[in-house]
Amino acid sequence: GNFLEFFRSFYFWELLRNTLFYSVGKLFVSVPLSIALAIVLYETRRPKLGKVVQTLAYLPHFLSWVIMYGILLVLLAPGDGIVNDILKGFGREPISFMTNTRIFSDAWKEMGWSAILFIAALMGIDPTLFEAASVEGVSALQRVRYITIPSIRPVIVLVVLLRLGTILDAGFNQIFMLYSIPVYSVADIIDTWVYRQGLLEFRFGLATAVGLFKGLIGMMLILVSNSMI
């Protein structure tokens, strides 16, 4: 009965659409940015600068979304945010950044931590491949395209597979901090709906059914994706 109630709910398709939008968006934004960051840190010829950038990139991962929300509010608030104050100083209209920053704010917070896996994979590449490439006179971009990316492809596939397993986890803490009632139609996800139904209205059976549904979908995606590789 709980499963049927969830599937027949007026909000089911809206919740599923919003959840997939944020999850898939984070997958296609965060993973490439993490790979790019790892390659830049690996290829840098200034180790000290690389360590500083690496530390700054890791730092947001250890901050809670409460603190991150405060930082985003100071920077991007439509009324008195620093960025909008600069825009208004140049005679531009303020931009409502807070309504469409969820995917990129997650990438900012997590890409440094995610890059650790790719940096570890880069450290395992045979140095003689790069030496041979230098002898052949290949450019830096060609070295990345023909040596670096193919060498870490198994790790990229593993990370994507793991992300697919949690494709219906769009990030409760982040969405809960950044959304409000007026934007429920575009910001409400399965987890926030479960929070209201399960904890605020004490419908634990319904919340458990939705959790099982999410786990089943994740398991099916992993099995199908793994069989296709």
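Visitor: How many aromatic pairs does the structure hold?

Guide: The structure holds 17 aromatic pairs. One of them joins Phe7 and Phe213. Before we go on, note that this is a predicted model: local features need pLDDT of at least 70, side-chain atom pairs count only at pLDDT 80 or more, and totals for chains, interfaces and linings use all residues. Residues are numbered from 1 along each chain as its sequence is written, and side-chain values use heavy atoms, with hydrogens and water left out.

Visitor: Why is Phe213 called buried?

Guide: Its relative accessibility is 13%. Buried means under 20% relative accessible area, exposed over 50%, partly exposed in between (1.4 Å probe, protein chains only). So Phe213 counts as buried. Phe7, at 34%, is partly exposed. Across the protein, buried residues make up 37% of the 229 residues.

Visitor: Is Lys214 buried or exposed?

Guide: Lys214 is buried, because its relative accessibility is 14%. This lysine belongs to helix H13 (residues 204-228).

Visitor: What makes the link between the side chains of Lys214 and Asp169 a polar contact?

Guide: The distance is 2.6 Å. A polar contact is a pair of N or O atoms within 3.5 Å; within protein, one must be able to donate a hydrogen and the other to accept it, and residues adjacent in sequence count only if both atoms are side-chain atoms. So 2.6 Å lies within the limit. A second polar contact joins the side chains of Lys214 and Asp191, at 2.4 Å.

Visitor: Which residues does Lys214 touch, not counting residues up to four places away in sequence?

Guide: Lys214 touches Leu168, Asp169, Ile190 and Asp191 on that count. Contact means heavy atoms within 4.5 Å.

Visitor: Which residues is Gly171 in contact with, leaving aside its neighbours within four places in sequence?

Guide: Gly171 is in contact with Lys26 and Ile189. Gly171 and Ile189 are 18 residues apart in sequence, and their C-alpha atoms lie 8.9 Å apart. Gly171 sits in the loop between H9 and H10. At 25% relative accessible area, Gly171 is partly exposed.

Visitor: What is the phi of Phe202?

Guide: Phi of Phe202 is near 60 degrees, a positive value in a residue other than glycine. Most residues other than glycine have a negative phi. Phe202 is found in the loop between helix H12 (190-200) and H13. Its relative accessible area is 61%, so Phe202 is exposed.

Visitor: How many helices and strands does the secondary structure come to?

Guide: The count is 13 helices and zero strands. Helices (H or I, at least four residues) and strands (E, at least two) are DSSP runs, numbered from the N terminus. The C-alpha atoms fill a box of roughly 65 × 55 × 25 Å, taken along the principal axes.

Definitions and conventions:
Phe/Tyr/Trp six-rings, centres within 6.5 Å; stacked < 30°, edge-to-face > 60°.
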